[in-house]
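Keep the sequence and the 3D view open side by side as you read.

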Amino acid sequence: MKSIEEVLKAGNYHLIDVREPMELEMDGNIEEAQNIPLGELEERKQEIVNLAGNKIFFCRSGNRSGKAMEYFKSEGMTDVYNGGGYNDMKQSLENL
């Protein structure tokens, strides 16, 4: 499996922030990330399936994003990654 850095460097990815909207207001957000809270993933599944390229999930600590990744893997997707926590994701993007 590729590292997050490898996926980011290759391009063709989508960032999906699975935090709640109030967390974005409190902690900040990554501009190019789409916010789909973890609790809405099942009902918005098709939105994510339709995205071309790799999907990188992140949250506050990496726990919810791990659950999101596992959910989509259980649905047969292979192009999903856990980007970890918000600060980790931000750091990875800054290091590109």
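Two strands pair if DSSP finds at least two bridges between them. Strands (E, at least two residues) and helices (H or I, at least four) are DSSP runs, numbered from the N terminus. With that in hand, Cys 59 stands opposite Gly 85 in E4.

A word on the source: this is a predicted model, in which local features need pLDDT of at least 70 and side-chain atom pairs count only at pLDDT 80 or more, while totals for chains, interfaces and linings use all residues. Residues are numbered from 1 along each chain as its sequence is written, and side-chain values use heavy atoms, with hydrogens and water left out.

**The sheet**

The protein has 5 helices and 4 strands, and along the sequence they follow the pattern α-β-α-β-α-β-α-β-α. The 4 strands form an open sheet in the order E2-E1-E3-E4, with parallel pairing. Strand E2 (34–35) and strand E4 (80–85) are the edge strands, each pairing on one side only. The table sets out the pairs, with one facing couple of residues for each.

| Strand pair | Bridges | Direction | Residues facing each other |
|---|---|---|---|
| E1 and E2 | 2 bridges | parallel | Asp 17 and Asn 35 |
| E1 and E3 | 5 bridges | parallel | Leu 15 and Ile 56 |
| E3 and E4 | 4 bridges | parallel | Cys 59 and Gly 85 |

Helix H5 (residues 86–94) lies across strand E1 (13–17), E3 and E4, running at about 105° to E4. That angle is between N-to-C directions, on a scale from 0 to 180 degrees, with axes fitted to C-alpha atoms, for helices over the stretch in contact.

**Overall shape**

The C-alpha trace spans about 30 × 30 × 20 Å along its principal axes. A compact globule of 96 residues would have a radius of gyration near 12 Å, and the protein agrees, with 12 Å; this radius is taken over C-alpha atoms, and the globule rule is 2.2 Å times the number of residues to the power 0.38. Of contacts (heavy atoms within 4.5 Å) between residues at least 6 apart in sequence, 64% join residues at least 24 apart.

Of the 96 residues, 43% count as buried, where buried means under 20% relative accessible area, exposed over 50% and partly exposed in between, with a 1.4 Å probe and protein chains only. A nonpolar core is a set of buried Ala, Val, Leu, Ile, Met, Phe, Trp, Tyr and Cys residues joined through side-chain atoms within 4.5 Å. The largest has 13 residues, and those with the most contacts inside it are Ile 16, Val 18, Leu 41, Ile 48, Phe 57, Phe 72 and Val 80. E3 and helix H4 (63–74) each supply at least two residues of this core, and H4 gives the most, with 3 residues. A second, separate core of 12 residues includes Leu 15, Ile 30, Tyr 81 and Met 89.

Which residues does Ile 48 touch, leaving aside its neighbours within four places in sequence? Its contacts are Ile 16, Ile 36, Leu 41, Lys 55, Phe 57, Phe 72 and Met 77.

**A loop residue to look at**

Asn 12 is found in the loop between helix H1 (4–10) and E1. Although not a glycine, Asn 12 has a positive phi of about 55°. Its relative accessibility is 56%, so Asn 12 counts as exposed.
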